[in-house]
Amino acid sequence: MDDIDRNILRELQNDGRLTNQELAARVGLSASPCMRRVRQLELDGVIQGYRAVVAPEAVGRGFEVLVSIEVRRDRETVEAFEAALQDIPDVIEAHRLFGSPGCLLRIAVADLAAYERLWIERLTTLAGVTEVNSQIIMKRIKEPQGLPVDG
């Protein structure tokens with residue numbers, strides 16, 4: 001990956017809706033070589049997709065909670081737990097961690113009552129869960145802006 005590829009990544013992370021012409025002009029290429037580079041970055045798995053950033057409140061999911069979960073540490077239980085998370089749309093991120101807690105979730109729901117229902121009906125009933133701790137997000141201080149792509 002060279003500096004031009006990094007510039008392409010910076011520009012697309014900043015605005016994934018750029019036309020190829022606009023992108024090419026910003027990174028100092030003509031349209032065809034720019035398109036070839038973007039396609040190669042996609043084929044190589046560097047660019048994994050394009051998404052819209054949605055305001056959580058606009059879709060009724062303005063209440064976010066970080067949840068740390070302890071799960072029994074045997075392979076079968078961990079795999080079943082992780083598979084079950086895929087079927088819970090309120091879980092918008094999930095990370096397996098080294099140490100304790102074993103898992104960190106980011107959850108987006110409408111309000112406290114919705115989170116309480118999720119906690120009682122789903123989270124505490126997942127196979128192998130031994131502990132659930134919740135931290136309600138008061139304010140998001142820094143929004144995701146993409147990854148630094150410096151060489």
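How much space lies in the second largest pocket? About 200 Å³ of space lies in the second largest pocket.

## Basis of the model

This is a predicted model, in which local features need pLDDT of at least 70 and side-chain atom pairs count only at pLDDT 80 or more, while totals for chains, interfaces and linings use all residues. Residues are numbered from 1 along each chain as its sequence is written, and side-chain values use heavy atoms, with hydrogens and water left out.

## Domains

The domain assignment divides the chain into domain 1 (1–42) and domain 2 (54–134); such bounds come from an automatic or database assignment. Taken over C-alpha atoms, the centres of domain 1 and domain 2 are separated by 36 Å.

## The largest pocket

A pocket is defined on a 1 Å grid over the protein atoms alone, as an open set of points where a 1.4 Å probe fits, with protein on both sides within 12 Å along at least five of seven lines; lining residues have an atom within 4 Å of a point. Grid points are joined across faces, edges and corners, and a volume is the space filled by probe spheres set on the points. The largest pocket has a volume of about 1,600 Å³. Both domain 1 (1–42) and domain 2 (54–134) give residues to its lining, so the largest pocket lies between them.

The lining of the largest pocket consists of 38 residues, and Arg51, Ala52, Val53, Pro144 and Gly146 lie nearest the centre. Helices (H or I, at least four residues) and strands (E, at least two) are DSSP runs, numbered from the N terminus. Helix H1 (3–14), strand E1 (63–71), strand E2 (91–96) and strand E3 (103–109) each supply at least two residues of this lining, and H1 gives the most, with four residues. By class, the lining has 20 nonpolar, eight polar and ten charged residues. Here Ala, Val, Leu, Ile, Met, Phe, Trp, Tyr, Cys and Pro count as nonpolar, Asp, Glu, Lys and Arg as charged, and the others, Gly among them, as polar.

## The second largest pocket

The second largest pocket is lined by 14 residues, and those nearest its centre are Val78, Glu82, Arg96, Gly102 and Cys103. E1, helix H4 (75–85) and E2 each supply at least two residues of the lining. H4 provides the largest share, four residues. The lining divides into eight nonpolar, three polar and three charged residues.

## Nonpolar cores

A nonpolar core is a set of buried Ala, Val, Leu, Ile, Met, Phe, Trp, Tyr and Cys residues joined through side-chain atoms within 4.5 Å. Buried means under 20% relative accessible area, exposed over 50%, and partly exposed in between (1.4 Å probe, protein chains only). The largest nonpolar core has 20 residues, of which Val67, Ile69, Leu105, Ile107, Tyr115 and Leu123 touch the most other members. E1, H4, E3, helix H5 (112–121) and strand E4 (129–136) are the elements that give two or more residues to this core. Its largest share, five residues, comes from E1.

Contact means heavy atoms within 4.5 Å. Not counting residues up to four places away in sequence, leucine 123 touches Val67, Ile69, Leu105, Ile107, Tyr115, Leu118, Val129 and Val132. There is also a second, separate core of twelve residues, which includes Leu12, Leu23, Ala24 and Val27.

## Selected residues

Arginine 6 is in helix H1 and is buried, with a relative accessible area of 15%. Leaving aside neighbours within four places in sequence, arginine 6 is in contact with Met1, Val149, Asp150 and Gly151. Arginine 6 and glycine 151 are 145 residues apart along the chain, and their C-alpha atoms are separated by 7.8 Å. Valine 46 lies in the loop between helix H3 (31–43) and E1 and is partly exposed, with a relative accessible area of 37%. Valine 46 touches Met1, Leu9 and Leu41, not counting residues up to four places away in sequence.

Leucine 104, in strand E3, is partly exposed, with a relative accessible area of 27%. Leaving aside neighbours within four places in sequence, the contacts of leucine 104 are Leu66, Val67, Ser68, Glu93, Ala94, His95 and Leu97. Proline 101 is found in the loop between E2 and E3. The peptide bond from serine 100 to proline 101 is cis, with omega near 0°. Most peptide bonds are trans.
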